[in-house]
Number of protein chains: 2
Amino acid sequence: MKALLLVAHGSRRQQSNDEVVLLAEKLRKKCFAQYNIVHAAFLELAEVLIPDGIKKCIDEGASSVIVLPYFLNSGRHVVDDIPNIVNDTIKYHPDVDIRIAPHLGASDLMMDLLMASANSTKTN
Amino acid sequence: MKALLLVAHGSRRQQSNDEVVLLAEKLRKKCFAQYNIVHAAFLELAEVLIPDGIKKCIDEGASSVIVLPYFLNSGRHVVDDIPNIVNDTIKYHPDVDIRIAPHLGASDLMMDLLMASANSTKTN
């Protein structure tokens with residue numbers, strides 16, 4: 001079974017964390033044909049943290065886990081922190097294929113998303 | 001003339017700020033038919049700041065400016081900080097139509113972007 005772990009930074013504002021969990025639920029419904037298991041996890045400040053999120057996917061039967069960073073820029077969190085945490089976690093799950101997807105800002109679709117957001121601006 | 005001002009948080013890491021400026025340049029080329037002027041600005045930690053970004057658009061002839069928050073979640077920056085700064089700035093430009101677009105996480109296209117990023121994960 002394939003799993004997708006949506007990883008956000010985590011916020012002291014619970015509503016922001018709830019948005020990420022809700023997004024993972026929407027993603028689960030949308031991509032069920034491709035990813036059987038979808039969960040959210042956080043780099044810091046919110047539960048569940050990345051290692052626990054990976055473990056949760058594996059406990060539910062995942063043989064592969066794609067860690068998908070919900071980040072716009074290739075800052076320290078994307079370049080260092082998430083890879084370091086994932087690499088530390090991989091050791092405990094040698095039989096599972098765990099990979100990190102590119103951050104969102106790297107996608108060609110970002111242009112379309114930006115234009116769609118600009119064009120959905122409310123008029124008076 | 002219509003302007004688009006892409007507003008990111010701003011980082012102490014110059015490479016992250018450069019990514020935003022580069023993204024604004026790509027956006028300018030892509031949406032020239034719809035927005036004649038496209039610039040990047042930052043909430044804090046980097047130049048140019050939002051009021052100066054809005055002024056730059058107006059100095060170049062914009063009669064309308066859409067402020068497009070390059071943020072994933074509806075945190076304090078999106079809900080309070082950017083609207084407060086934009087509202088303070090509007091006073092100085094009463095003849096210009098200045099509006100704020102929804103943040104990126106609110107777009108229906110976000111699902112497609114997430115799936116595209118997950119599926120572009122490098123294989124060994």
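Which strands and helices of chain A are included in what covers the buried residues of H3(A)? Strand S1 (2–8), helix H2 (50–59), strand S3 (64–69) and strand S4 (97–100) of chain A are among the covering elements. The model is a predicted one, in which local features require pLDDT of at least 70 and side-chain atom pairs count only at pLDDT 80 or more, while totals for chains, interfaces and linings use all residues. Residues are numbered from 1 along each chain as its sequence is written, and chains are lettered from A and ligands numbered from 1 in the order in which they are written.

**View 1. Helix H3 of chain A and its buried residues.** Helices (H or I, at least four residues) and strands (E, at least two) are DSSP runs, numbered from the N terminus. Helix H3 of chain A covers residues 76–90, and its end C-alpha atoms lie 20 Å apart, which agrees with the 21 Å that its 15 residues should span at 1.5 Å a residue. The expected span is 1.5 Å times one less than the number of residues in the helix. Val78(A), Ile82(A), Ile85(A), Val86(A) and Thr89(A) are buried in H3(A). A residue is buried if 20 or more other C-beta atoms lie within 10 Å of its own, exposed if 12 or fewer, and partly exposed in between, with C-beta atoms placed from the backbone.

**View 2. Leu6(A) in the largest nonpolar core.** The largest nonpolar core has 80 residues, and Leu6(A) and Leu6(B) are those with the most contacts inside it. Such a core is a set of buried Ala, Val, Leu, Ile, Met, Phe, Trp, Tyr and Cys residues joined through C-beta atoms within 7 Å. In soluble globular proteins, nonpolar side chains tend to be buried together. With neighbours within four places in sequence left aside, Leu6(A) is in contact with Val20(A), Leu23(A), Ala24(A), Leu27(A), Ala40(A), Leu68(A) and Tyr70(A). Two residues are in contact if their C-beta atoms, placed from the backbone, lie within 7 Å.

**View 3. The interface between chain A and chain B.** In this view, 35 residues of chain A are in contact with 35 residues of chain B. Helix H1 (14–30), S3 and helix H4 (110–119) of chain A each supply at least two residues of the side that touches chain B. The largest share, nine residues, comes from H4(A). The residues on this side of chain A divide into 18 nonpolar, ten polar and seven charged. Here Ala, Val, Leu, Ile, Met, Phe, Trp, Tyr, Cys and Pro count as nonpolar, Asp, Glu, Lys and Arg as charged, and the others, Gly among them, as polar. Because 100% of the interface residues of chain A are also interface residues in chain B, the copies meet through the same surface.

**View 4. Superposition of chain A on chain B.** The superposition is by least squares on the C-alpha atoms of residues with pLDDT of at least 70 in both copies.

**View 5. Strands S3 and S4 of chain B.** Strand S3 (residues 64–69) of chain B pairs with S4(B) in the parallel sense over four bridges. Two strands pair if DSSP finds at least two bridges between them. Val65(B) stands opposite Ile98(B) in S4(B). Ile98(B) and Ile100(B) form the covered face of strand S4 (residues 97–100) of chain B, whereas Asp97(B) and Arg99(B) form the uncovered one.

**View 6. Met1(A) and its contacts.** Met1(A) is placed in the segment before S1 of chain A. Met1(A) counts as partly exposed because it has 13 C-beta neighbours inside 10 Å. The C-alpha atoms of Met1(A) and Gly61(A) are separated by 6.2 Å, although these residues are 60 residues apart along the chain. Apart from neighbours within four places in sequence, Met1(A) is in contact with Asn36(A), Ile37(A), Gly61(A), Ala62(A) and Ser63(A).

**View 7. The loop between S2 and H2 of chain A.** Leu45(A) is in this loop and has a phi near 70°, a positive value in a residue other than glycine. Leu45(A) is partly exposed, with 14 other C-beta atoms within 10 Å. Val48(A) is found in the loop between strand S2 (37–42) and H2 of chain A, and a cis peptide bond with omega of about -5° joins Glu47(A) and Val48(A).
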